[in-house]
Amino acid sequence: MRLKRIDHFTTLLISFIFFLFLLFLYLFKIDNDIKNYGSYHDQIVQLKITDKEFDNFLLQKLSFINYDQISQRTNTFETILQQLKQSRLSSEFGPEFDKSLTDIKHIFEEKRERIEYFKSNNAMVLNSMHYLFDLSTHIDKDPDLPVEIKKLTHKILFGLLQVFVKIDTIPLSVKQNLNQLMLYKKDKEPAAITLSYFFKHASLTLKNIGKFNDIHLETRQLPLYQTLENFHQHLDNVYQSNLFSQKMIALFAFISAFIIVLALIIVYRRSLRVKQKLMAFRFAVEHSDNSVVMTDVDKNIVYVNDVFERDSGYSYAEAIGQNPRILKSDMIDQSYYDNLNDTLKQGKKWEGEFVNRRKDGSLFHEKASIVPIFIDNELVNYLAIKLDISKYVEQQKQMDHLAYHDALTGLPNRIYFEEHLKHILEVARRKQAMIAVLFIDLDRFKVINDTLGHHIGDEMLKTVAERVQSVLRRSDIIARIGGDEFVVILETLKTKEEAAHISDKIITAVKRPMIVASHTLNTTASIGIAIFPDDGITMQNIIKHADSAMYQAKKLGKNRYHYYVKQLSEDAHFRLQMEQALHHAIENNELQLFYQPQYDLKSKKIIGLEALLRWQNEALGTISPDHFIPVAEETGLIIEIGEFVFEKACRTFMQLQRSGAEIDIIAINVSSIQFRQNNFLNRLKHIIHTVGIAPQHIEIEITERYLMEYTESNLTVLEDLRKLGLKISIDDFGTGYSSMSYLKKLPIDTIKIDKSFIDEIASDSNDFEITKAIIALSSSLGYSVIAEGIETKEQENALLDLECNIGQGYYFSKPLSKHDIFDFV
């Protein structure tokens, strides 16, 4: 039976090899056909090119024609034709190609005769032209011939040249001149011989030139190129048809070869199936990374591999005949093994994990898969494949630690903190206990981190974590929840003051100088304290309130702690409501502009208006700009709001001017956030162009603090605004830290004295002197001065005494709505 199987396989293999040999020969033939076609194709293309060269040759009529070259072309054409006749073209592509080559040869012979005739006629014409030139020279030298005859011969000769080179394709003028010469020849007998020769050769040359057209016409009527084109096209068609057939045959051959291969594979697999299974099983067992154990039906070990010996510490000889219970560690409940045995009794595979004990007594973890082996429906063995997962279990423990702990400081992270706090709150709720959450944020950490580098910042955070841990009780929990933020859970508090006492210890520990990589670092901590249950009963509320208290500690000067009070939440809630409502303030038409006049203190004439923004919300009521402008700047809404204010103020100004109001300036406040936008200047230009306002009527108001903080980045923008024609004023001057020596370098037009100096100007000598100095220095630098916040006659008089010419305030007029400002001006 084995021999028969081998013979059958050998027969198929020999047949397959022979089939492949035939297929190779056929593919070799296809390759030769492709190469031959390429050669035939190139030869036919060469014939077509040569035929075009023949046509180009017949268009030439000059003395510099290279006859050798055209002779080479005719010989080349004839040689290629001969090669095609002698090739296997007819046998490969059909006998009709042999007849077509014969037709091409006949047409070529006719064309070659035309070429030879053209050459002889061209030579005759050239010789005649040379002879006519000689006769013309002789006539010119004859003193007996009049000038008119000489000119006539020149005309004839020149006309012949024009006809010859196709400058004048109508030889009528030449014929007319020849007729005149013929009349003169009859009348003037002494010169008749010379003129007669000239006349005859000129007439003959004109006739021969005319023959060129006949040659061209006859040649064009020869269908040599079209015959070559038809020949070429027919060759391509036959080749494509043959190629398609060859591809189909080759495809069929490959499919047949594939079928034979499949048959070979099937036969071979049948012959080796049992052997392959046994070899594969043996190889897998002996070289597996898994521990393999086989037992008999009584669960006595009959085979173990090398991995089992390595993992368990038992040798092969020690394991054979033993029950797998030798690895039992008693770390697993007996019910676990009962479930294993029940599953195997049902003939099913069992999968699970063991905590086993090695021969040396150490424990190790294994993931096991145990299957019963049946042969002819009879249970013969049990096979256990096990994998030592001790390292994986250890890694999993480490991963679990990393999932709940900060990688830098080793402290619990936010996930651990929140889960632990949730559990502590549940226990505190049942026991009615008091706990505290401290929210800690390091002051000026970002400056240190950005200046000295993140590696220094990381070391500093580790030091802070160690110091805070050192002052906490064992029952307290500290976690790092991000960046430089830490939280502490204080359990089992008896009084709220305990939280303050621990906070003091933390603040003291943190503010001690730290030496990190040769740097002496100093930082402080701001701590927010929230108490359960007084400040909240849910985890979210406690964390949020501790965070709010921490921000309040920062506002109060940092390096301190602050207990949560309800007002902090109310402020935060109001701010959130304000932020949400501000997103829709423009579309809901809630933002309105009011205009406060700027007037000449002496004449009381209005010279300008300052646009002031007001917000009236249906739910929140009237909101001061001091509250909503910072929110708009933080959220970026100030960009849209600023453009809205700028455009609306400009439009109102234009309406006032059209109504006849003599107002020269509209002053508009611009936020520093707007200046940082790349398209800020272009947006202003667009609004100015759209509204149609002259730029010199617009005064941009910026704060003194803005100039000091962003001088380098925005000085160019201020200069661009000045170039555009806008005026620049510094608002609230005197509240910042700028100096006149610095301000004189800036492109500004107006200084606005802050209201805080005007309030007591009539009664406080310090305010009076400061205002006097500002006015004097501003005037010496060429700046205009506007006093803000004038509310009494005494203030106005004091400003007049100081020669301040322009004022603004409630004494003259409060800010007016758009409707009221029209009536006021």
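**Close-up 1. D236 and the residues it touches in the predicted model.** Setting aside residues up to four places away in sequence, D236 touches Y37 and H41. To find D236 on the chain, look along helix α8, which covers residues 224-287.

**Close-up 2. I389, a buried loop residue.** Here we move to the loop between β5 (378-388) and α12 (390-404), the place of I389. With a relative accessible area of 8%, I389 counts as buried because the cut-off for that word is under 20%. Which residues does I389 meet, leaving aside its neighbours within four places in sequence? Its contacts are E353, H365, E366 and K367. F364 makes a handy landmark too: F364 and I389 are 25 residues apart in sequence, and their C-alpha atoms are 7.8 Å apart in space.

**Close-up 3. The largest cavity and its lining.** The structure holds 3 cavities of 30 Å³ or more, and the largest has a volume of about 100 Å³. Its lining is made up of 14 residues, and those nearest the centre are I639, E643, Q674, F680 and L684. Two or more lining residues come from each of α20 (638-658), β16 (665-669) and α22 (680-691). Sorted by class, the lining has 7 nonpolar, 5 polar and 2 charged residues.

Conventions. Residues are numbered from 1 along each chain as its sequence is written. This is a predicted model: local features need pLDDT of at least 70, side-chain atom pairs count only at pLDDT 80 or more; totals for chains, interfaces and linings use all residues. Side-chain values use heavy atoms; hydrogens and water are left out. On a 1 Å grid over the protein atoms alone, a cavity is a set of points where a 1.4 Å probe fits but cannot get out, and a pocket is an open set with protein on both sides within 12 Å along at least five of seven lines; lining residues have an atom within 4 Å of a point. Grid points are joined across faces, edges and corners, and a volume is the space filled by probe spheres set on the points. Helices (H or I, at least four residues) and strands (E, at least two) are DSSP runs, numbered from the N terminus. Ala, Val, Leu, Ile, Met, Phe, Trp, Tyr, Cys and Pro count as nonpolar, Asp, Glu, Lys and Arg as charged, and the others, Gly among them, as polar. Buried means under 20% relative accessible area, exposed over 50%, partly exposed in between (1.4 Å probe, protein chains only). Contact means heavy atoms within 4.5 Å.
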